[in-house]
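Here is a friendly note to read alongside the structure.

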Amino acid sequence: MQEEIPLELKNAVEFHGHFCPGVVIGYRVAILARKELKLDRSGDEELVAIVENDTCAVDAIQYINGTTFGKGNLVFQDHGLHAYTFIERNSGKQIRIELKADVFQEESEQRREILRKQNQNIPLTEEENAVLRKARQDMLKKLLTISDDELFVVKNVDIKIPERARILNSVKCSKCGLMVMETRARVLNDKFYCIPCWERELAGE
Ligand SMILES: [Zn+2]
Ligand SMILES: [Zn+2]
């Protein structure tokens, strides 16, 4: 299978650390977003991604679209959904890419039974492990080869554009002495604290 893998996916896998269905989904989302929004390069703060899960997929999006946690143009909403919104600030174009519900639904009953065993920490037989490996390979192959239309729904959306990353003032925590962003600092008896120190202070530690 190795030779069928596009270079960008290879690089995303390297960034992520392993080859898995999630990173392939993220790769497909990233490439589709680029196509839909006609992006010519990544690493640009004009693009914002809102991701509604924190799975392996998001690493591929950070790597390929250049929307990263550190740059502030990656927004995480903890919804547990395979839904990805991209906003291109220059054009104002916004799309939401949603993974279709039936993509993972052709799992065999046999595989489900094995996964149930695995979840109960019951040791698997060699044959059962082989079934899981085969199912995983089949899933990877499917995710790499099926069309965008079979994999995703793309919707035009209209949401409030998140503000650009700003440089914020910092204050010094009076307990540990580290600088803490003013918006995250807590005040107790006229002194600034970082959140961990503030919690310790409240607990009387
Ligand atoms: Zn992964
Ligand atoms: Zn502190």
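**Notes on the fold**

1. Let us begin with a helix pair: Q110, R111 and I114 in α4 meet E128, V131, L132 and A135 in α5. Contact here requires C-beta atoms, placed from the backbone, to lie within 7 Å. By class, this contact of α4 with α5 has four nonpolar, one polar and two charged residues. Ala, Val, Leu, Ile, Met, Phe, Trp, Tyr, Cys and Pro count as nonpolar, Asp, Glu, Lys and Arg as charged, and the others, Gly among them, as polar.

2. A word on the model and its labels. This is a predicted model, in which local features need pLDDT of at least 70 and side-chain atom pairs count only at pLDDT 80 or more, while totals for chains, interfaces and linings use all residues. Residues are numbered from 1 along each chain as its sequence is written, with chains lettered from A and ligands numbered from 1 in the order in which they are written. Helices (H or I, at least four residues) and strands (E, at least two) are DSSP runs, numbered from the N terminus.

3. Back to that pair: helix α4 covers residues 109-119 and helix α5 residues 126-145, and they pack at an angle of about 120° with their axes 10 Å apart. Axes are lines fitted to C-alpha atoms, for helices over the stretch in contact, and angles run from 0 to 180 degrees between N-to-C directions. α4 passes α5 in a left-handed crossing; that means the near helix is turned anticlockwise from the far one by less than a right angle, whereas clockwise would be right-handed.

4. Two strands pair if DSSP finds at least two bridges between them.

5. Strand β4 (residues 94-99) is joined to β5 by five bridges, and the two run antiparallel. Across this pairing, L99 stands opposite F152 and E98 opposite V153. On the β3 side, β4 is again antiparallel and joined by five bridges, with F86 and I95 as bridge partners. The hairpin of β3 and β4 has five residues between the strands, and G92 takes a positive phi near 75° there.

6. Among the residues in contact are G22, I25 and V29 of α2 and A57, I61 and I64 of α3. The contact divides into eleven nonpolar, three polar and two charged residues.

7. Helix α1 (residues 7-16) packs against α3 at about 120°, with axes 9 Å apart. The two are therefore oblique to each other (under 35 degrees counts as roughly parallel, over 145 as roughly antiparallel, 65 to 115 as roughly perpendicular and the rest as oblique). E8, N11, A12, F15 and H16 of α1 meet D59, A60, Y63 and I64 of α3.

8. Finally, the domain assignment, automatic or from a database, gives domain 1 (2-156) and domain 2 (170-202). Their centres, taken over C-alpha atoms, are separated by 38 Å.

Methods
Contact = placed C-beta atoms within 7 Å.
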